[in-house]
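Please look through the sequence and the 3D view first, then read the sections in order.

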Amino acid sequence: MIQALETINLGKRYGKDWALRGCTFKLPIGRVAGLVGPNGAGKTTLLHLAVGLLKPSAGSVQVFGEAPDRVLTRVGFVAQDRPLYRNFRVKDMLMLGQKLNPSWDMNLAKERLDRLAIPLNRPTGKLSGGQQAQVALVMALAKRPEMLILDEPIANLDPLARYEFQQTLMDAVAEDGLTVLFSSHLIADLDRICDYLIILSASQVQIASDIEPLLATHKRLIGPSDREASLARTHTILQVRSSERQSTLLVRLHGALLDPAWEVQEASLEDIILAYLALPAPFPFTIQHKGVQEAVR
Amino acid sequence: MIWVTWRQHRIEALIAGVVLAGLIIILLVLGIEMTSTYQSTGLANCSEQLPACGELEGNFINHFSLSVNLITIMLTTLPLLVGMFIGAPLVARELEQRTHRLVWTQSITRMRWLGTKLLLLIGVTLLAFIALIPLIAWWSAPWDAVTSPWSTYEVRGIVLPAYALFALVLGIAAGILSRRPVAGIGITIVLFILLRLAIAFWLRPYFLPPLVSISSIDRPGAPSHTDWLIEIGTIDRTGQELSNNTISHICPQIIGKGDAQAFAAFQACEQQHGFHSRSFYQPADRFWLFQVIESSIFLLLAIAFLVPGVWFVSKKLT
């Protein structure tokens, strides 16, 4: 089956250092995926590889089954800091989009900007940060892409601008059934928008999975500290917080939990992400997409 | 892409248009003045033998040397300005503002983006400079007739467009490789001036081996005032080049004195010893051959900078 994005053993090296290494995952068509990871984990490198700005040093990356630079027409990209030509008026930006994209939808662009009350005659450098982000997003949407790739699209925006940006994004997803891949530091926002999660840490993909099975298999357990060892035999303990006798664990369950000594609580997506980000690299395992196949290293 | 290029460079185009118009006016005004002086004073009908002509020529040169020098400086600076303000920021400003990530992820490849920009900017630059060729040639004609065609070599003919092409490409490549407009401008200034001067002073006199003229000591120099004198020296009977020290040792008459009498005695001494004046020169009929050679050198230099620049854009920039 053709994936929106598929990487196999993908790597990018700058000089001696690997910015990204051994990265293998699939992003199925139609998902809205959040890409998270600490600074310097290789998120931007991965996204640049996916839009053909970078060429891999190792492995392969395919978008809709083809090389990224062959499907530029089908992918809308908003780079980090949402670059625009600052001395262009908004309508010049739209004209640029029309001249450089065969599938450009000028009506869609104007209608969306109109709805957001962004003046077409103003130079983009004189717009607010939130408006610039909206223009950048509308530029990507008016290409009529099948996939949107956004690099930290809501970083440095005030809460209202962030909310409005997400609203535009969600409207587009609802209308056109886009696949979306976006990186973010704001975990709380991911929860609201995403149904798919990719965790990148220490230059490697640690998780690429639908969020639902992630929530189903990750639980917070509270119980006696002396039972940790036996629990670890069948399940994976990601995080431990212990007092003298009692431990609070974040556990990835492999099958049913049999020991009744443990009290089970739901873990939030934020808890799970933070637990993974806090793990020392390299992780002991990776979870492939849908969270069913597991590879032990 | 043509529209995008126009939209991004229309201010530069406007400034270039104003500069070009100003230049055309200046050249026309001074050209008319120089031509009419040349005609009305009778210089046009002069042959070298008439003593009155020498005076006319002297007056003409005194009167116009300042304006000719100023125009020469202006014209030879123009290519550098093109390299600095159009070339260097072309890619570097995109990199600085990160807009390359916007424009290279639209539906056209970055090579087509770069190719269109290069083609349009190089084309327009060359057209503008080539359009000036006839006007500059008309403006300098009287001056060239009075002095030497070589005196306006750098602003007349095809070398000026070649300098402009080179400066533009150098600026573009410097901007790409340094990734910053200001650094690109700095590199462009330094390299352009260095290469221009190196070629003008070290290579141009020897594009072809200079001709040699040996003349009597009291008539030094090349056979004609239209030749380009490259080097002049004194030789003895065997053809050996003599240093100034040796000459003043043999003929000390002029030492410490600057009057005409001492000079005449000095020359008489030199002639007595059989010394001759030897000149190396390039004749006037090599003017266009030299223009072609020098233009080719700058064309090759432009290619030498363009290739790594384009390669860098295609492989190294993200």
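This is a predicted model: local features need pLDDT of at least 70, side-chain atom pairs count only at pLDDT 80 or more; totals for chains, interfaces and linings use all residues.

## Helix H3 of chain B

In helix H3 (residues 89-97) of chain B, the buried residues are B:Pro89, B:Leu90, B:Val91, B:Ala92, B:Glu94 and B:Leu95. After H3(B) comes B:Arg98, which has a positive phi, near 65°.

## Chain B as a whole

Chain B contains 10 helices and 4 strands. Read from the N terminus, its elements follow the order α-α-α-α-α-α-α-β-β-β-α-α-β-α. The radius of gyration of chain B is 25 Å, while the globule rule gives 20 Å for 318 residues; the value is well over the rule, so chain B is more spread out than a compact globule.

Along its principal axes, the C-alpha trace of chain B spans about 85 × 45 × 35 Å. Of the 318 residues in chain B, 30% are buried. If contacts in chain B between residues at least 6 apart in sequence are taken, 79% of them join residues at least 24 apart.

## Two domains in chain B

The domain assignment divides chain B into domain 1 (2-209 + 287-315) and domain 2 (211-282). Their C-alpha centres are 39 Å apart. Domain 1 of chain B and domain 2 of chain B each put 4 residues into the contact between them. On the side of domain 1 of chain B that touches domain 2 of chain B, 3 residues are nonpolar, 1 is polar and none is charged.

## The sheet of chain B

Chain B has an open sheet of 4 strands in the order S1-S4-S2-S3, with antiparallel pairing. Which strands stand at its edges? They are strand S1 (211-215) and strand S3 (241-242) of chain B; each has a single partner strand, so one side of each is left without a neighbour in the sheet.

Elsewhere in the sheet, strand S2 (residues 228-235) and strand S4 (residues 276-282) of chain B form an antiparallel pair over 7 bridges. B:Glu231 has B:Phe280 in S4(B) as its bridge partner.

## Chain A

Chain A has 9 helices and 15 strands. Its radius of gyration is 21 Å, close to the 19 Å that the globule rule gives for 297 residues, so chain A is as compact as a globular protein of that length. Taken along the principal axes, the box filled by the C-alpha atoms of chain A is roughly 70 × 40 × 35 Å. Of the 297 residues in chain A, 45% count as buried. Among contacts in chain A with a separation of 6 or more, 71% are between residues 24 or more positions apart.

A:Gly255 sits in the loop between strand S12 (246-252) and strand S13 (263-266) of chain A. Is A:Gly255 buried or exposed? A:Gly255 has 8 other C-beta atoms within 10 Å, and a residue with 12 or fewer counts as exposed, so A:Gly255 is exposed. A:His235 is 20 residues away from A:Gly255 in sequence, and their C-alpha atoms are 8.1 Å apart in space.

## Where the chains meet

The contact between the two chains takes 16 residues from chain B and 22 residues from chain A. On the chain B side, helix H1 (2-40) and helix H4 (100-103) each supply at least two residues. H1(B) gives the largest share of that side, 3 residues. Sorted by class, the side of chain B that touches chain A has 6 nonpolar, 7 polar and 3 charged residues.

In soluble globular proteins, nonpolar side chains tend to be buried together. The largest nonpolar core here has 137 residues, and those with the most contacts inside it are A:Ala33, A:Ile149, A:Ile198 and B:Val169. Helix H6 (residues 159-178) of chain B gives the most to this core, 15 residues. Another core lies apart from it and has 5 residues, among them B:Trp150, B:Tyr153, B:Ala222 and B:Tyr281.

Leaving out residues up to four places away in sequence, A:Ile198 touches A:Phe25, A:Ala33, A:Leu35, A:Val205, A:Ile207 and A:Ala208.

Technical notes: Residues are numbered from 1 along each chain as its sequence is written. Chains are lettered from A and ligands numbered from 1 in the order in which they are written. Domain bounds come from an automatic or database domain assignment. Two residues are in contact if their C-beta atoms, placed from the backbone, lie within 7 Å. Ala, Val, Leu, Ile, Met, Phe, Trp, Tyr, Cys and Pro count as nonpolar, Asp, Glu, Lys and Arg as charged, and the others, Gly among them, as polar. A nonpolar core is a set of buried Ala, Val, Leu, Ile, Met, Phe, Trp, Tyr and Cys residues joined through C-beta atoms within 7 Å. A residue is buried if 20 or more other C-beta atoms lie within 10 Å of its own, exposed if 12 or fewer, and partly exposed in between; C-beta atoms are placed from the backbone. The radius of gyration is taken over C-alpha atoms; the globule rule is 2.2 Å times the number of residues to the power 0.38. Two strands pair if DSSP finds at least two bridges between them.
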